[in-house]
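Good morning, and thank you for coming.

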Amino acid sequence: MGQVSASLLSEPGETVWLRVDVGLPMAARREAARLARRIGIDEERVGSVEIAATEAATNLQRHATDGALVLRVALDGEHASLDVLATDTGPGIADLAGALRDGASSAGTLGVGLGAIARLADVFDIHTLPGRGTAVLARFHADQDRPHAGGVEFGGLTRPIGGEEMCGDTWAVRYAEGPAAECDEDPERALPRPVLAMMCDGLGHGPQAARAGEAAQEAFRASRATRPQQVLEDLHRAMRGTRGAAVAVVRADFARGKLEFAGVGNTTTCVVADGRRASLLSSPGIVGAHLPRARTVFAEAGPGAVLVMHSDGLNDRWAADGFPGLFARRPPVIAAQILRDAGARRDDIGVLVLKQAPSR
């Protein structure tokens, strides 16, 4: 992944997609243990990861209409975690409270159930829509005393087009500038620092599209620019010689409720609040080939606002009010549910979600 800037918060780590088939529980256990050891989770906790991954896989295998288990290395500054994320297309969970009771199980599953997964994980979240599908997140930290990066929660998914191992869609999040500013109402309290978030859709598919995405990541990581248009210019210079990409960049200052956006090419960026979504429009062009002067868009991000960025591998006509209760959940769960409803089988996919972190 190259040298990591001290300002970098996150970009896609290794991600393994496992489809539902007869060998899913065994594959989930094996791959989850491998990734857990890779990021330094101790052996006792590796056992918990294995149980959670196996139970999540078994539930998918026995109960889901269709679905996948996603194992993802999640980065938060210098800290790593493993996400075990189960996502399916139905039938959903009619009695969620009952399913979350520790030990609840049915149809011959392991018997530990969702309640035990919640107990074993450092972070657990779930969202279900009866008749449509469920997303379950269990996160395991490599270091138990890790501080949160502060102020913002984020999470995303990438998935290559069928038949390819490399994905041309990618994303990244880093701090927008240096030290935190003082709160006007309370000078003793520092406000969370603004962040810059990038969504990149490398043109086409396969290795050349992935190379364009890697060049965008490297340039985003190295850039010292603090404004979206300036970041786009840095990426444009670095991506010459690649296929180029559609790129969107947002400066998100959730503490002050402000967003600043600039984008070039066909990606979707929107703010979800109060069951409605407002899109931030990009300019035509290709970063790395033809960069226009992108129009800068300013938007409000009041309490409870959620920022969603995704490539055109997702249909952009999804409706925020079609996901009751979703946008109060953790970003990886939000990303998984939108991907489930709007994702295309025949394209690379990238989706990133950011929101203000709950007060601690």
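Predicted model: local features only at pLDDT ≥ 70, side-chain atom pairs only at ≥ 80, totals over all residues.

Which residues do ring pairs link into a cluster? Ring pairs link Trp318, Phe323 and Phe327. Residues are numbered from 1 along each chain as its sequence is written, and side-chain values use heavy atoms, with hydrogens and water left out.

Rings of Phe, Tyr and Trp (its six-membered ring) pair if their centres lie within 6.5 Å; planes under 30 degrees apart count as stacked, over 60 as edge-to-face and the rest as tilted. The structure holds three aromatic pairs. In one of them, the ring centres of tryptophan 318 and phenylalanine 327 are 6.4 Å apart and the planes are at 20°, so this pair is stacked. The rings of phenylalanine 323 and phenylalanine 327 have planes at 85° and centres 6.5 Å apart, so that pair is edge-to-face.

Are these residues buried or exposed? Buried means under 20% relative accessible area, exposed over 50%, and partly exposed in between, with a 1.4 Å probe and protein chains only. Tryptophan 318 is buried at 8%, phenylalanine 327 is buried at 13%, and phenylalanine 323 is buried at 3%.

I turn now to the helix α7. Helices (H or I, at least four residues) and strands (E, at least two) are DSSP runs, numbered from the N terminus. The expected span of a helix is 1.5 Å times one less than its number of residues. For the twelve residues of α7 (331-342) this gives 16 Å, and the end C-alpha atoms are 16 Å apart, which agrees. Eleven of the twelve residues of α7 are buried, among them Pro331 and Ala342.

Finally, the backbone. Most residues other than glycine have a negative phi, and most peptide bonds are trans. Aspartate 274, however, has a positive phi of about 55°, and the peptide bond from glycine 90 to proline 91 is cis. Aspartate 274 is exposed, with a relative accessible area of 67%.
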